[in-house]
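Good morning, colleagues. Please bring the sequence and the structure up on your screens, and I shall go through a pocket, an annotated site and a sheet in turn.

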Amino acid sequence: MHENFSLKPYNTFGVEAIAKYFAEVHSTEELIEILKQSDAQRLPILFLGGGSNILLTKNFDGLAILLNLQGISEEIIGENEVLVTAKAGENWHKFVLFCLSKNYGGLENLSLIPGNVGTSPMQNIGAYGIEIKDVFLSCKVLNLETLEVEIFDLEKCRFGYRDSIFKQEGKGKYVILEVTFKLSTKNHFIKTEYGAIQSELEKSGIENPSIQDISQAVINIRQSKLPDPKVRGNAGSFFKNPTIPLVEFEKLKQKFENIQGYPNGKLVKVPAGWLIEQCGWKGKKIGNVASHKLQSLVIINATGNATGKEIYDFSTMIIDSVKEKFGIELEREVNTI
Ligand SMILES: Cc1cc2nc3c(=O)[nH]c(=O)nc-3n(C[C@H](O)[C@H](O)[C@H](O)COP(=O)(O)OP(=O)(O)OC[C@H]3O[C@@H](n4cnc5c(N)ncnc54)[C@H](O)[C@@H]3O)c2cc1C
């Protein structure tokens with residue numbers, strides 16, 4: 001266990017925060033052992049994956065545990081189905097590439113999302129029309145109260161838009177140890193209609209895309225649109241897209257005729273990026289923090305010297321101005337610590 005340990009390299013915002021204690025674990029047994037020790041000392045715990053969805057706003061007066069459990073296993077279970085299980089510390093994109101190298105389909109639209117496999121159920125990661133819930137079978141978790149291993153199936157995880165039981169009533173109660181996905185082996189379900197995938201494929205002259213082609217198209221789009229955290233610290237979309245009642249949306253439409261929305265029954269999902277842009281935030285910089293010039297939903301550590309508190313305050317200013325102009329309260333997607 002390390003003392004007074006810098007977490008700067010462990011969060012993609014690249015902000016400084018000192019953890020009182022830090023440990024890296026490689027197995028469930030090591031994790032249980034360290035949890036027993038910390039329990040004796042009554043230390044608060046912070047679990048770390050790839051650090052791509054956290055904002056550290058202050059030093060952490062407890063034990064930060066880097067979950068570095070590694071390993072992937074596969075089991076063919078039918079004509080067109082394979083179960084692939086990856087341990088929590090496996091890098092998400094490397095795992096997607098592994099599945100693609102075996103021609104296992106289902107994760108290709110989720111290529112190049114930063115972070116680790118173990119964190120993917122936390123907010124039901126999603127992109128380009130797919131969320132992990134679409135291919136999720138189960139995950140193995142450690143119950144932090146009993147230190148027993150439990151299995152959570154799809155229903156028990158209660159996945160929603162960027163949401164799961166692990167962000168709600170299960171928050172702080174479980175650590176995810178491994179995740180099992182149910183993927184296809186031959187008749188892949190190709191999903192190209194979302195975002196710019198179709199036009200990206202057309203650019204390359206591809207008419208009948210393979211899952212590998214889709215992955216490459218997604219990688220190309222993401223690389224052209226999103227800032228690389230290694231160059232400019234960020235955590236991807238900082239806010240969730242808000243969902244508002246249809247009646248409220250219709251009222252807003254009378255005032256702001258260009259407002260965009262994706263109806264779903266009596267609710268409408270409004271792109272947070274558009275709302276933020278309308279409030280004049282796109283590309284705006286205050287001190288060390290800015291809203292990204294191509295994607296206003298992404299807040300960046302513009303100078304590399306931002307503190308977590310500065311980024312948090314910047315996000316509060318955005319929330320306030322969107323609330324004032326549209327009456328809509330944005331919710332942070334990033335986990336604030
Ligand atoms: C450039 C960029 C683009 C992004 N694009 C997307 C996108 O398209 N779609 C999307 O959904 N997300 C996106 N994200 C957000 C992020 O990649 C995902 O949320 C990812 O799943 C976070 O994984 P992580 O391992 O980095 O999590 P961390 O930031 O390490 O942890 C996130 C939270 O989970 C907790 N935690 C970590 N590991 C575990 C575990 N094993 N068990 C229990 N709790 C744990 C942490 O304490 C923290 O509260 C993007 C981020 C960046 C930087």
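I begin with a pocket lining: by class, the second largest pocket is lined by four nonpolar, seven polar and four charged residues. Please keep in mind that we are looking at a predicted model. The lining comprises 15 residues in total, and those nearest the pocket centre are Gly105, Gly106, Val135, Lys182 and Phe189. Strand S12, residues 174-184, supplies the largest share of this lining, with three residues. The volume of the pocket is about 240 Å³.

I turn now to the annotated site. Where does UniProt place the feature "active site"? The record, an unreviewed entry, puts this feature at Arg162, Ser237 and Glu333. These positions span 172 residues in sequence, yet no two of their C-alpha atoms are more than 10.9 Å apart, so they gather at one spot. Of these, serine 237 belongs to strand S13, residues 233-237.

Four strands form an open sheet in the order S1-S2-S5-S3, and the pairing is mixed. At its edges are strand S1 (2-6) and strand S3 (45-48), each of which pairs on one side only. On average, neighbouring strands of this sheet are turned by 40 degrees against each other, direction ignored. Strand S2, residues 18-25, runs parallel to strand S5, residues 60-67, and six bridges join the two. In S5, leucine 67 is the bridge partner of valine 25.

Notes:
Residues are numbered from 1 along each chain as its sequence is written. This is a predicted model: local features need pLDDT of at least 70, side-chain atom pairs count only at pLDDT 80 or more; totals for chains, interfaces and linings use all residues. Side-chain values use heavy atoms; hydrogens and water are left out. Two strands pair if DSSP finds at least two bridges between them. Axes are lines fitted to C-alpha atoms, for helices over the stretch in contact, and angles run from 0 to 180 degrees between N-to-C directions. On a 1 Å grid over the protein atoms alone, a cavity is a set of points where a 1.4 Å probe fits but cannot get out, and a pocket is an open set with protein on both sides within 12 Å along at least five of seven lines; lining residues have an atom within 4 Å of a point. Grid points are joined across faces, edges and corners, and a volume is the space filled by probe spheres set on the points. Ala, Val, Leu, Ile, Met, Phe, Trp, Tyr, Cys and Pro count as nonpolar, Asp, Glu, Lys and Arg as charged, and the others, Gly among them, as polar. UniProt positions are given in the numbering used here, feature names are shortened, and annotations may be inferred rather than shown by experiment.
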